[in-house]
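I wanted to go through this structure step by step and write down what I looked up. These are my notes, in the order in which I made them.

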Amino acid sequence: MTLASTTAAAAMLPRPRLWGVGRYDVAGQPVYFEMSWADWQRDTDWARAMLADHGVGAGSGLIVVGGMPEAPWFDPVETAARELGAPFSIGEIWPFEAFRTAMYARRLPITMIFGMDRTVTEGLGEDLAGVLAREPAIGARPDAVDVLSRAGAQPFLVARLGPALAVECPYRTGGHINGAEWRLAERGGELFLTTAGPRAHRVSHRALGLRGALAEGQCACGRAGQRVTVTG
Amino acid sequence: MPDDRFFEPEIETLPRASLTALQEERILELVPYVYEHSPLVRQKWEAARVKPADISSLADFTERAPFLTKDDIRQFRDEAGDPFGGLLCTGYHAASTVFSTSGTTGDATMYAHAWDQWHPFWAATARDLWEIGVRPGDYVLGSGFKMRGPLYHAEQMCGAIPLMVSTGIGAWAGALDAIRRYRPVCATLTGLAMAELDHLSRSTDMKDVFSSFKGATFAGEPLGARARQQLESWGVEVFVWTSTGDVTAAFECRQHNGCHAWEDCVLLEAVDPVSGAPVADGELGELVATSLDNPITPMVRFRSDDIIRMTTEPCGCGRTHARFWPVGRKGDETIVAGRSFVPTDIWRALEQVPETATALFQLVRPARELDELRVRVGYDPGLTASLADVEDRVAEVIMAAVGVAPVLELLPEPDLMARGRGGKLPRVVKS
């Protein structure tokens with residue numbers, strides 16, 4: 001079959017060290033970051049554990065709100081969902097694409113919407129109530145937490161922190177980051193990031209242009225390490 | 001093993017007889033499977049009194065198997081409450097992903113796949129990127145949208161490294177920065193992207209920016225003559241691509257003589273849009289697609305509404321798979337006050353007016369036959385001194401092109417671009 005033959009052909013080619021190159025902005029300036037295949041694999045493993053904590057498994061269905069430019073953060077989440085036996089769909093991060101998130105939520109047995117941002121949340125308009133009525137777990141970006149909470153949801157935090165991703169566990173006491181890969185610091189309410197693992201992208205105490213607070217110590221979910229709250 | 005020209009030399013150059021035999025084998029496996037598992041196929045076949053036992057060859061299939069239409073899928077979805085419109089052959093949870101069409105013509109249609117490493121919709125696209133010249137270690141500027149799945153899988157299959165930066169509406173200044181830094185060899189463009197690049201070209205040396213490119217792909221809508229000329233002037237070889245009835249993608253090769261449909265994963269037919277009878281090689285017909293490699297939501301003789309010319313003649317590039325030339329959408333023809341035209345007539349007219357040369361427009365068409373021609377046109381505020389003057393000149397060129405005086409609604413380009421979906425602007429809208 002076509003998928004099998006093309007996969008076999010691809011396997012014969014040398015695979016570059018890099019999975020892809022992403023970009024985040026700090027104070028309006030672009031910062032490019034390289035992501036190796038090994039980085040991607042470790043991020044996928046971490047995402048799988050986080051999703052499993054939220055009960056994602058066979059029988060689940062996800063919408064991941066985040067398009068191609070966010071693939072360095074969200075492709076590992078999508079891959080993790082697939083590996084856990086949960087089909088996923090993509091809701092693009094444009095206001096005019098909010099209809100797609102609503103359509104999937106309306107038509108499919110969706111149990112989690114991961115990565116809702118304010119643009120899509122507001123773009124849903126009157127559909128928002130219908131989406132929330134189906135009671136999916138909602139992973140919300142920092143700019144959408146308030147509006148979703150006011151609409152009656154109890155979202156967990158999903159935040160891009162420069163090249164890193166923070167995800168709250170079901171105990172919702174701040175977003176966990178993968179401590180084997182990244183280390184956060186906070187000074188005067190500003191967040192800084194340092195590479196801790198064998199990442200292709202090395203940063204040392206880099207300002208993220210984000211404000212927030214850190215907590216450290218054992219979480220009720222069993223994870224140790226840093227948890228972050230993003231305030232702006 | 002990929003060689004200098006072909007990603008899969010043996011399959012891409014399979015002799016026609018072998019290709020037909022392969023398709024027949026797959027069709028004969030598909031027929032009993034979909035009859036058993038696809039509720040919509042079962043319904044249509046029972047209504048047509050066709051049974052799998054009636055199909056013992058490819059010829060039987062193209063002669064007897066009933067067509068499916070988008071309306072069939074929507075009707076089944078609405079009546080049966082089945083989100084997949086009767087196409088799903090497995091449970092939802094047997095799928096890995098559920099994606100959807102752009103939705104520019106109304107409701108988006110959902111389709112699902114099961115996969116392990118690479119998304120099946122884009123797997124054969126690795127052959128097309130390889131043809132453009134994408135090679136291991138190259139950078140490729142990623143596609144702006146992911147609603148049909150991760151196109152970057154095809155790039156990674158070639159051993160390339162996707163640049164995952166936004167190429168959506170309003171993001172091209174940033175994308176050019178990424179191009180300067182990483183020197184990619186390829187990018188995916190759309191009409192809306194071209195409108196932005198047109199503006200950026202006034203302050204940017206585009207020839208220098210794109211000097212690393214081996215090619216750029218373009219899809220979503222017809223490539224206007226002006227946009228093609230612009231890309232060529234920037235030294236960019238453009239490869240038009242399109243969808244084959246939502247089964248997979250089809251790209252031009254370096255011969256630029258039709259889009260190659262990969263016939264090991266799609267059975268392509270061109271039929272008379274009215275009678276459904278097959279049309280001769282090279283004649284205008286409606287594209288009909290059957291999935292040969294998707295056991296989750298296979299399309300079976302799906303009438304795409306796309307009007308094409310198709311040939312099974314081998315291409316000058318050495319590939320043997322069918323090629324087709326997209327001509328337009330069925331039903332695009334509009335009649336106003338007895339005068340008939342298609343949207344590309346308006347497109348070409350707008351390209352003549354500098355302030356509207358990006359040809360961003362919408363034909364407001366509540367019905368196919370109208371008394372009044374209403375067109376919503378985007379203009380470049382940076383070039384516009386007098387809106388009334390632009391309106392006069394636009395009315396003049398449209399009148400000359402279609403023979404009817406239009407009622408115009410002029411909008412600044414960004415306002416009109418904001419009505420886009422999936423990287424393209426719906427050109428025919430009801431209101």
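I began with the secondary structure of chain A in this predicted model, and I found seven helices and 13 strands there. Along the principal axes, I noted that the C-alpha atoms of chain A fill a box of roughly 55 × 45 × 35 Å.

Next I asked what share of chain A counts as buried. I found that 52% of its 232 residues do. For the contacts in chain A with a separation of 6 or more, I noted that 55% are accounted for by residues 24 or more positions apart.

Before turning to the partner chain, I checked the confidence scores. Chain B averages a pLDDT of 93, with 98% of the residues scoring at least 70, and the model as a whole scores ipTM 0.97 and pTM 0.93. I reminded myself that where pLDDT is low, the predicted coordinates should not be read in detail.

Last, I looked at where the chains meet, and I found 55 residues of chain B in contact with 43 residues of chain A. Among the elements of chain B that give two or more residues to this side are strand 2 (97–100), helix 6 (120–123) and helix 8 (152–157). Helix 9 of chain B gives the most, with five residues. By type, I recorded the residues on the side of chain B that touches chain A as 33 nonpolar, 15 polar and seven charged.

Definitions and conventions
Residues numbered from 1 in each chain as written. Chains lettered and ligands numbered in written order. Predicted model: local features only at pLDDT ≥ 70, side-chain atom pairs only at ≥ 80, totals over all residues. Helix = DSSP H or I, 4+ residues; strand = E, 2+ residues; numbered from the N terminus. Buried ≥ 20, exposed ≤ 12 C-beta atoms within 10 Å, placed from the backbone. Contact = placed C-beta atoms within 7 Å. pLDDT = per-residue confidence, 0-100. Nonpolar A, V, L, I, M, F, W, Y, C, P; charged D, E, K, R; others polar.
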